[in-house]
Amino acid sequence: MEHLALYRKYRPKTFSEVIGQEHITRAIENQIAGDKIGHAYLFTGSRGVGKTSVARIFAKAVNCQNNKSGSPCGECEVCRRLDEERDINVIEIDAASNNRVDDIREIREKVKFMPVGARYKVYIIDEVHMLTDSAFNALLKTLEEPPAHVIFILATTEVHKLPATILSRCTRFDFRLLSISDLTRVLRSVLDKEGVAYEEEALKIIAASGEGSVRDTLSIADCICAYSNDKISKEDVLKVLGTTDYQILINYFDLLLHKDIGGLLAYVDEIDKMGKNLSVFVKELSKHARNLLIVSTCKNPNEILGLPDDLVAEYIEQAKSADEKKLISYMQIFAGAENELRYTLSPRLLLETLSLSAMLGENASEAKKNSN
């Protein structure tokens with residue numbers, strides 16, 4: 001049997017299954033329940049946060065025969081047709097490959113026809129920012145005054161590229177990146193259904209690597225499931241992702257903060273011999289400095305970090321050795337050199353230079369000059 005990717009297998013089918021976007025799903029449910037449906041919607045946000053999924057649920061809900069307070073029942077013929085991707089009333093268009101003015105003119109001609117066995121015809125245009133200027137102009141009139149039986153849903157990751165004339169004609173919803181705790185909850189639910197055992201700390205590392213995207217998080221989990229077979233451990237996650245154990249970062253920063261030049265150079269040698277990807281490691285150093293800054297300045301740091309309590313306690317203890325100005329300097333130095341590490345012929349030498357620059361308190365521009 002063909003394997004179905006986790007993010008496709010567990011795509012939400014009702015508004016209640018959508019995680020982290022309650023500010024959007026509740027508003028849409030209220031509109032549908034109150035029969036106050038708009039003619040054009042704009043869904044914007046980072047990749048993998050649910051824009052297309054919510055658009056499909058929306059399309060299902062407006063035509064559902066047994067609508068439940070604005071949410072689709074999932075059981076009627078209309079819902080089944082859409083779940084099985086055979087609903088001719090819901091048209092999904094990828095603007096990245098259908099971005100010409102002729103493609104939009106074709107839509108303008110077809111919107112005139114009534115939906116078949118449904119109330120609305122729904123057009124979902126993904127990556128709408130990829131349309132050409134002439135295509136946007138062709139879409140404009142139809143978007144402003146579409147037939148009463150047509151709803152447009154435009155989805156984009158780059159809303160700043162849309163003309164103001166398009167933006168002004170749409171009801172806009174901004175999708176948020178998910179928190180680590182939300183992503184961990186999604187992972188826990190999916191892996192429980194899949195019958196895969198796991199360590200809680202492993203889930204948090206996967207969730208952090210997903211960087212707010214459900215799709216990215218589940219794709220990472222898919223890879224790790226294939227690697228680990230029966231149980232996902234913290235060690236498996238670190239091996240597959242090439243990421244660094246938190247303790248290595250803590251040890252590195254102990255040496256950095258106490259200005260132990262010899263110890264730090266020896267530790268960089270040890271890290272290099274572990275086979276760590278030094279470009280990834282530098283990115284994590286910048287993130288670690290940011291985490292220390294959070295625990296030293298925020299009242300409830302773990303609401304932001306979403307890490308194990310014992311690890312946060314270690315961060316709090318380590319942050320006592322550094323002031324905010326120093327941590328900001330570390331963030332600038334390590335974040336500024338991330339791209340250079342990908343292309344340098346000697347990543348270890350560059351990491352040593354960055355480490356010493358940070359230790360000696362150079363500013364970001366001086367560190368970058370020296371690393372070259």
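Reader: How many helices and strands does the secondary structure of the protein chain come to?

Author: The model discussed here is predicted. Counted over the protein chain, the secondary structure comprises seven strands together with helices, and the helices number 20.

Reader: What percentage of the residues in the protein chain is buried?

Author: The C-alpha atoms occupy a box of roughly 75 × 45 × 40 Å along the principal axes. The protein chain has 372 residues, and the buried share of them is 49%.

Reader: Among contacts between residues at least 6 apart in sequence, what percentage joins residues at least 24 apart?

Author: The contacts considered are those in the protein chain between residues at least 6 apart in sequence. Of these, the share joining residues at least 24 apart is 73%.

Reader: Are helices H8 and H10 parallel or oblique to each other?

Author: Helix H8 covers residues 180-194 and helix H10 covers residues 214-228, and their axes lie 10 Å apart. The angle at which they pack is about 45°. An angle under 35 degrees would count as roughly parallel, and 65 to 115 as roughly perpendicular. H8 and H10 are therefore oblique.

Reader: How many residues of the contact of H8 with H10 are nonpolar?

Author: The crossing of these two helices is right-handed. H8 contributes Leu183, Val186, Leu187, Val190 and Leu191, while H10 contributes Val214, Thr217, Leu218, Ala221 and Cys225. By class, the contact of H8 with H10 has no charged residues and one polar residue, and the nonpolar residues number nine.

Reader: How do H10 and H11 lie to each other, oblique or perpendicular?

Author: Helix H11 spans residues 234-241, and its axis is 10 Å from that of H10. The two helices pack at about 115°, and H10 passes H11 in a right-handed crossing. Angles of 65 to 115 degrees count as roughly perpendicular. H10 and H11 are therefore roughly perpendicular.

Reader: How many charged residues does the contact of H10 with H11 have?

Author: On the H10 side stand Ile220, Cys223, Ile224, Tyr227 and Ser228, which meet Asp236, Val237, Lys239, Val240 and Leu241 of H11. The contact of H10 with H11 includes seven nonpolar residues and one polar residue, and the charged residues number two.

Reader: How many residues apart in sequence are the parts that tyrosine 41 and phenylalanine 173 tie together?

Author: A search of the whole structure finds nine aromatic pairs. Tyrosine 41 and phenylalanine 173 form a stacked pair, with ring centres 6.2 Å apart and planes at 10°. Both residues are buried. Because tyrosine 41 lies in strand E1 (residues 40-44) and phenylalanine 173 in strand E5 (residues 171-174), the separation in sequence of the parts tied together is 132 residues.

Reader: Is the pair of phenylalanine 43 and phenylalanine 173 stacked or edge-to-face?

Author: Phenylalanine 43 lies in strand E1 and phenylalanine 173 in strand E5, so this pair ties together parts 130 residues apart in sequence. Both phenylalanine 43 and phenylalanine 173 are buried. With 6.1 Å centre to centre and 65° between the planes, the pair is edge-to-face.

Reader: Which residues do ring pairs link into a cluster?

Author: Phenylalanine 173 pairs with phenylalanine 43, and it also pairs with tyrosine 41. The cluster linked by ring pairs consists of Tyr41, Phe43, Phe58, Phe173 and Phe175.

Reader: Is glutamate 127 buried or partly exposed?

Author: Glutamate 127 is in the loop between strand E3 (121-126) and helix H6 (133-144). Although not a glycine, glutamate 127 has a positive phi of about 50°. Its relative accessibility is 23%, so glutamate 127 counts as partly exposed.

Technical notes
Residues numbered from 1 in each chain as written. Predicted model: local features only at pLDDT ≥ 70, side-chain atom pairs only at ≥ 80, totals over all residues. Heavy atoms only, no water. Axes fitted to C-alpha atoms, helices over the stretch in contact; angles between N-to-C directions. Helix = DSSP H or I, 4+ residues; strand = E, 2+ residues; numbered from the N terminus. Parallel < 35°, antiparallel > 145°, perpendicular 65-115°, else oblique. Left-handed = near helix turned anticlockwise from the far one by under 90°. Contact = heavy atoms within 4.5 Å. Nonpolar A, V, L, I, M, F, W, Y, C, P; charged D, E, K, R; others polar. Phe/Tyr/Trp six-rings, centres within 6.5 Å; stacked < 30°, edge-to-face > 60°. Buried < 20%, exposed > 50% of the residue type's maximum accessible area, 1.4 Å probe, protein only.
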